[in-house]
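This briefing concerns the structure shown below.

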Amino acid sequence: MAASFHGGPTSKERKYDRQLRLWAASGQQALEDSRVLLVNSDGPLGANSTGVSGVVGVEALKNLVLPGIGGFTIVDPATVTEADLGVNFFLEEESLGKSRAEETCRLLRELNPDVKGDFNSEVRQPQRVEIFDLTLIIQPIADLLQDPDFLPQHKLVIISGPTKRSSLDPLIQRAQKQGIPVLYTHSVGFFATFSLQLPAEYPIVETHPDPESAQDLRLLNPWPELVATNAALDDLDSMDDHQHGHVPYILILLHFLEQWKQSHGGNAPDNYKEKTEFREFVRSKARTSNAEGGEENFDEAVAAVLKTIAPFSLRSTVREIFELEQCHNLNSESVDFWLIAHAIHFFYTTHGVLPLPGSLPDMKAQSADYVSLQNIYKTKARRDVEEVTNTVRQLETQLERRFPPIPDRDIEAFCKNAAHIKVVHGRQIPQISSNSDSITLKAIRTQLGFPDSLVSVFIATQILDGVVDEIQDTSNDHRSINDDALWKSHTERILALLTRDDPTPLDSDARENIHKAIQELRRAEGGELHNIASLAGGLVAQESLKVITKQYGPLDNTCVFDGARSRSEMYRL
Amino acid sequence: MISTDANSQQNRWKHLHKVLTKSGPYCDEDWVPGQETISALESSKILVIGAGGLGCEILKNLALSGFKDIHVIDMDTIDISNLNRQFLFRQSDIGKPKAEVAAAFVEKRVKGVKITPYVGKIQDKDEDYYMQFKIVICGLDSIEARRWINSTLIGMVDMEDPESLKPLIDGGTEGFKGQARVILPTLSSCIECQLDMHAPRPAVPLCTIATIPRQPQHCIEWAHQIAWQEKRKDDAFDSDDMEHISWVYNAALERGKQFDIHGVTFQMTQGVVKNIIPAIASTNAMIAASTTSEVLKIATSCNPYLENYMMYAGEEGVYTYTFEAEKKPDCPVCGNLARKLKVDPNSTLGDFIESLSERAEAQLKKPSLRTEEKTLYQRFPPQLEEHTRPNLGLKLHELVEDGEEVAVSDPAYTIDFRYKVIFSK
Amino acid sequence: MLKIWSMKQQQQQAENAEGAAGKKKKKVTAAQLRVQRDLQELTLGNTMKMSFPNPDDILNFTLTIEPDEGMYKGGVFNFSFSVNQNFPHDPPKVKCTQKIYHPNIDLEGNVCLNILREDWKPVLNLNAVIVGMQFLFLEPNASDPLNKEAAEDLRTNREGFKRNVRNSMAGGSVRGNAFERVLR
């Protein structure tokens, strides 16, 4: 299946065609360079229970193996039971009694054999898909963490809840220290919840804003070359209908802006009223005596007035990034993002604008006129990139960084996206516990004030965690996950914690919602339904892809899906 | 360790059976959980339309939701570009029919499920075929096919037979976005009612393509639509033929050079001529699972079903919006259900038209009418009027069959009427 | 009893019960129904005629335009219309079946009319399309051409263009291209 002719796609490009259109070769490379760790249960949930079936994690891995993740590790001490076969598609009859990690791993690997096959020679790193042998798998995750090299091999950790605190806490703390993102998931009956823990500063350059909002045409502060092009267009009136009907709308707007300024004391339209007046002014200049009774380019100009006649302004999210400590005070350890951000901030303080993205929307125009206008935008954008690059190179020298020089294409991509960069301030996996952070508790209380909020589902899974933690951490505990007394005590404990910072008692609606959520959750006795686990596996993989490719916007930080009422919500907890 | 005894079955489905044998706080109060519900689930015959990105997930999910009798229709064969998400297919399956490979895979993996594939078009099948299913679930990428199954299922609803109501669960994805919806034919908003929610892809004026291209896409469209017609009139363009695509690619490159337009790539050429929509496993998993979750709830009543639309956008966190799309009273499909009309097969078409003017629901003064096969009487344009005028004197049984549908439109009404004519004996 | 199915049962008790029908038959499609309505609402005037090769198939027909004024007066122009089952979501496909000299119609018969492509909306009907087609012969548009030579001709030398149109309609050649005779 090699490329059949020159310039055509390779078989790998053909296989991944539908996803490359979303995250491009750079995203694909990041994916192929990443290894994901799945921690799928670390013991039974209690008497008569075989523990978490871990289908969310397995389904998420399926959705990562298919697009070509570099590798994965499954940690799971369980052996395959009948119940597993009813929920986990990546097990078969012959798997009964065998290691669940090994069997799941074997069947997941079948999904993308090319990862190990033909592509090997093309990728930079050998592809590794492996599992730990049985002796290692049955060790609790805490033991695996003893090996300092274990966790850093992974770019992302997915943990299937409920997991006891003594396993969970060291893992998420260690991951946080090493800057490795963590997804902690629950899927019980019709409910699924998951939280994403990102590093304290998680920058994204390629946020993929919609093309419309990414446009920056600079009509109110054109640079000299754009002004010159416009000046060449001094006499619209003497043009014949054909020429007149093909003047690009950007030039139409620039032209009439000049006229407007002359009659308005040198000022461009400033407020909504003036802009609508200006719009009518432009509209009145269209020729209507032609065959079509109007001109498309003028229609485009009129439609663009309100969007494009606005002074440059820095989005507040970008302003905040410029104000961050990491952006100001660079040191030899500063990562690429902050170095470029610093250089761009310097550009902004010098020019009062960000580097020009340089893209031009399509508009009615003759081919050659459009292309030359496009070149004016492209040339300016290229010059801005050069200026930023020079600053970056100076900084690199000054800081005496030990990293390799920042690739030109990264600086270019940053300049193109400068108006839409984003820094997520990651938070720890939220928990309702005595050492919960007050922000978490406050956000939950606020949510509980909304009558239809699904935060009650999150609270119910926290109670489940408490119940399971007590069962698992007490040796020889014969209580089951159905133990009413256990549920009662943990419900009371969690409800008390919710009033720790705000002693106002929970109102009856909030209590009712929490009790219903607990009731629905307990209906499943900790078991997964395949549909809900698969749905959550889709969402968890989606977030994983965004985190690994550093593109689009990841969840910040908790999502609840309620399959009983077919709804989801997101919270920052 | 293969065992088929009841005990092993019970163990296998223990998680699922928990929610089928116990009520929950959101369940309908009248619902009776237990064995009857489990039997209802196991005896529900389900039809899956499409064995692609959504279809593969749907088949897996239904099999692991305890359904035992599943049918799947798909006319396509497996292509290499399917393998990044259609996880039931392997490299060695390329070229084989999707429905057959998918059915065989899931049947082998999940013990006790029977999956019957049909390789072909949904339009090959008639109402008798669709009548055998309890629920129909769609994972399609074509609006046309959705509209067809929608109107077929609506047309099948028989007022006297509740079993003729086939809930239609539809899923669709594009990149990081998707939607799931539940349609109860004739009872709730249908695909046709919601048609304006899918904006058609913006098209570029043909004259721009022909004379003033500005974008690489314009060059590709020119090569595809104009140059091909001129230069290779005798070859039917096939977007799956690599030689054809590369011809278009090279022609587009050439045109780009001529107009100084950069950026024509092979990938873009394929995208433009095949109208490729980005697709990934994770979005498909999310949407497919939400549709099958609704199927499980509808088949068992173990929780309320979606009323009636959930949209998902995953570019920025996890965003979903669940709402009730409205049923349009003037919907051309569900707004004018066929009424039964008893007629004398020996009366003429002229008499029949006369009688329509006396019907209570609409005094039709100037109707035009047809069946699926025949133009019965068309008042305008004149050529059709002349041709169909002789039909007015013909007897009904010479023109229509007993039970056939006659559709009537009249300029006095903005909606059309459908009648199912029943011959009186 | 599952809720939905019992819901339907309740709803239908209000409906009148009539004898069971025979075997189910094919339904009139949404596209057919819409075309039936659109045809009925056409205004053809005396410059346009339609013909149906198969009168039972109203989705495929020919429109003949005989302009009674303008540069194309005296010509008889035939267009094939093909409506697919996705109508009115998709626009009708229209092609000129003759080779004619017109700035907005190319030598392959493609027609450049905004509502046949980028500006098509399901609320538009066949009448809007044929009105647009008629307009093309009254006011050929040189500004956004499909046949670039014809457009340049029209733009730069209107009288010469008129002569070329007459010549082409009579079956003559223009700029080395032989045209079909389309005079009445």
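Two residues are taken to be in contact if their C-beta atoms, placed from the backbone, lie within 7 Å. The model under discussion is predicted. By that contact criterion, 73 residues of chain A meet 67 residues of chain B.

- On the side of chain A that touches chain B, at least two residues each come from the helices α1 (11–15), α2 (17–32), α3 (55–65), α4 (82–85), α17 (367–399), α22 (508–523) and α23 (530–549) of chain A, and from its strand β9 (567–571).
- Helix α23(A) makes the largest contribution to this side of chain A, with eleven residues.
- By residue class, the side of chain A that touches chain B comprises 30 nonpolar, 24 polar and 19 charged residues.

**Contact between chains C and A**

- Chain C places five residues in contact with five residues of chain A.
- The side of chain C that touches chain A consists of one nonpolar, two polar and two charged residues.

**Overall description of chain A**

- Chain A contains 23 helices and nine strands.
- The C-alpha trace of chain A spans about 95 × 65 × 55 Å along its principal axes.
- Of the 573 residues in chain A, 47% are buried.
- When contacts in chain A between residues at least 6 apart in sequence are considered, 75% of them link residues at least 24 apart.

**Domains of chain A**

- The domain assignment divides chain A into domain 1 (11–204 + 528–571), domain 2 (224–308), domain 3 (316–424) and domain 4 (438–523).
- Domain 1 of chain A contributes 24 residues to its contact with domain 4 of chain A, which contributes 23 residues.
- On the side of domain 1 that touches domain 4, the elements of chain A giving two or more residues are α8 (165–177), β4 (182–188), β5 (191–197), β8 (558–562) and β9.
- This side of domain 1 is made up of nine nonpolar, ten polar and five charged residues.

**Strand β12 of chain B**

- Strand β12 of chain B covers residues 405–409, and five of its five residues are buried.
- In a regular strand, side chains alternate between the two faces of the sheet.
- In β12(B), B:E405, B:A407 and B:S409 point one way, while B:V406 and B:V408 point the other way.
- Strand β10 (residues 368–370) of chain B pairs with β12(B) in the antiparallel sense over three bridges, and B:R370 stands opposite B:A407.
- Strand β13 (residues 417–423) of chain B also pairs with β12(B) in the antiparallel sense, over four bridges; here B:V406 stands opposite B:Y419.

**Residue B:A223**

- B:A223 lies in helix α9 (residues 216–231) of chain B.
- B:A223 counts as buried because 26 C-beta neighbours lie inside 10 Å, and the cut-off for a buried residue is 20 or more.
- Leaving aside residues up to four places away in sequence, B:A223 touches B:W228, B:V248, B:A251, B:A252 and B:R255.
- B:A223 and B:A99 are 124 residues apart along the chain, and 34 Å separates their C-alpha atoms.

Terms used. Residues are numbered from 1 along each chain as its sequence is written. Chains are lettered from A and ligands numbered from 1 in the order in which they are written. This is a predicted model: local features need pLDDT of at least 70, side-chain atom pairs count only at pLDDT 80 or more; totals for chains, interfaces and linings use all residues. A residue is buried if 20 or more other C-beta atoms lie within 10 Å of its own, exposed if 12 or fewer, and partly exposed in between; C-beta atoms are placed from the backbone. Two strands pair if DSSP finds at least two bridges between them. Ala, Val, Leu, Ile, Met, Phe, Trp, Tyr, Cys and Pro count as nonpolar, Asp, Glu, Lys and Arg as charged, and the others, Gly among them, as polar. Domain bounds come from an automatic or database domain assignment.
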